[in-house]
Amino acid sequence: MTQKIHLLLLPVWVILTSQPPICAQTPPSWGNWDRWGDQNNGIYSNPIIPADYSDIDCIRVGEDYYAISSTFQYSPGMVILHSRDMVNWRIARHAVEDLTRISPELNWDKMNRYGRGIWAGAIRYHERKFWIYFGTPDEGLFMTTAPHPEGPWEPLHCIKAETGWDDCCPFFDEDGKIYFVATNFADTHKTYLYELSSDGKTILEDTKVLINQDKGREANKLYKIGRYYYHFYSEHTSATGRYIMMQRSKQITGPYSEKRQLSYAQKEINEPNQGGLLDTPDGRWYFLAHHGTGDWSGRITSLIPVHWTEEWPIIGEPDDQGIGTMIWSAAKPLTEEESYSIQTSDSFSGSTLSVQWEWNYQPRKEKWSLTERPGYLRLYGFRPLEKDNLLKAGNTLTQRSFRTPKKRSYGKDRTIRNGRGVKSRIMPLLTWICPIGSCPAKQ
């Protein structure tokens with residue numbers, strides 16, 4: 001797992017008011033894209049989201065698509081995305097409002113979980129509720145439910161208070177039983193299948209079945225498609241990189257004796273691997289994936305067509321070995337009249353922060369306000385936990401950094417007064433991450 005790449009706002013001195021047709025493929029060098037996402041001509045180009053949406057998972061509910069992405073130490077946690085066509089996405093909500101329900105180490109007065117906190121999870125829909133499960137490497141496995149993606153989400157419930165677990169996923173079987181898969185990376189990456197209680201809140205430990213084991217295996221998903229139960233996962237070798245695997249059985253508890261590699265590691269394009277399978281109402285399949293290595297823009301998101309071969313979902317274009325390769329451009333899966341994208345700009349006109357914002361750790365509530373001066377975000381500076389250490393400065397507000405074709409940035413040099421009457425300046429923050437005010441160009 002790697003730390004998220006976000007745009008930083010410093011509270012002391014910053015205020016911001018059947019298979020689809022595949023197009024001819026010309027593999028670009030990494031990052032040298034002149035276009036991405038919806039091309040507004042019935043075609044889309046990968047990546048569809050040139051920003052850090054790590055550990056993505058997804059589902060279809062009727063004609064709507066939902067995805068979640070890990071948020072590590074950022075608050076609110078576990079971002080939820082919504083789409084109608086799998087290509088254009090918007091932020092719907094976050095599932096975790098209070099990170100201190102996971103650990104006090106995620107609060108502004110501790111700040112001891114960089115790159116840890118909320119790791120990969122899974123979102124599912126069952127009995128008119130949305131269910132999200134995820135792991136944290138230090139505290140255990142957690143779950144929450146809501147009647148709608150926009151909430152309200154129940155307070156977090158810990159289903160396993162033990163370190164060393166990650167990449168979990170529930171499965172709601174046709175007989176009413178709930179199953180659950182997770183990897184114990186602290187114990188040679190052993191992957192176990194469990195039954196859950198009928199409310200999904202308790203692991204039935206005596207049902208444990210070992211279904212997979214090898215160093216580096218992760219990214220678990222469970223599916224029932226046709227006559228098979230499928231266990232999706234990725235594995236890694238130092239020479240090859242991380243690639244996508246799947247095993248299947250006609251019984252959910254196994255044995256999972258049939259295995260197949262679904263795609264190559266493809267190090268040259270930063271290893272598209274962790275993600276989830278999606279289908280259209282008429283039966284066409286896709287894989288929504290993050291590129292697992294990343295660069296300054298983080299682990300970005302692509303939508304890759306799936307080709308079914310001998311009842312295996314091959315990710316991308318199969319080569320002569322039957323293993324998938326990257327597809328950079330294809331016909332859009334669906335046509336959606338409404339145009340929308342992931343939110344970025346903000347006028348701070350509401351009583352709550354817009355959904356694109358995430359604090360670095362759980363914020364100190366009394367040190368910020370949207371209501372003291374309506375239409376403005378007011379941030380009060382306070383002493384950091386450690387002198388001259390940005391990583392220990394509380395109430396740092398962030399957004400994900402979006403790649404832009406021209407690498408443009410803008411900023412205002414304006415004198416303001418902070419809460420103590422001391423003059424400060426608004427200006428671009430030039431760091432290794434990105435400039436403040438970096439704006440996504442129209443695609």
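This note goes through the aromatic pairs of the model and the charges placed over rings.

1. The model is predicted, so local features are taken at pLDDT of at least 70 and side-chain atom pairs at pLDDT 80 or more, while totals for chains, interfaces and linings use all residues. Residues are numbered from 1 along each chain as its sequence is written, and side-chain values use heavy atoms, with hydrogens and water left out.

2. The count of aromatic pairs comes to 21, where rings of Phe, Tyr and Trp (its six-membered ring) pair if their centres lie within 6.5 Å, and planes under 30 degrees apart count as stacked, over 60 as edge-to-face and the rest as tilted. One of these is the tilted pair of tryptophan 165 and tyrosine 194, with 6.4 Å from centre to centre and 55° between the planes. This pair links distant parts of the chain, 29 residues apart, since tryptophan 165 belongs to strand β13 (residues 165-172) and tyrosine 194 to strand β15 (residues 190-196); strands (E, at least two residues) are DSSP runs, numbered from the N terminus.

3. Tyrosine 194 also forms a tilted pair with tyrosine 192, at 6.3 Å centre to centre and 50° between the planes. Buried means under 20% relative accessible area (1.4 Å probe, protein chains only), and tryptophan 165 is buried at 3%, tyrosine 194 at 2% and tyrosine 192 at 11%.

4. Lysine 208 lies over the face of tyrosine 192, 4.8 Å from the ring centre, and arginine 400 lies over the face of tyrosine 53, at 4.4 Å; the criterion is NZ of Lys or CZ of Arg within 6 Å of the ring centre and within 35 degrees of the ring normal.

5. Tyr228, Tyr230, Trp285, Trp308 and Trp312 form one aromatic cluster.

Definitions and conventions
Helix = DSSP H or I, 4+ residues; strand = E, 2+ residues; numbered from the N terminus. Buried < 20%, exposed > 50% of the residue type's maximum accessible area, 1.4 Å probe, protein only.
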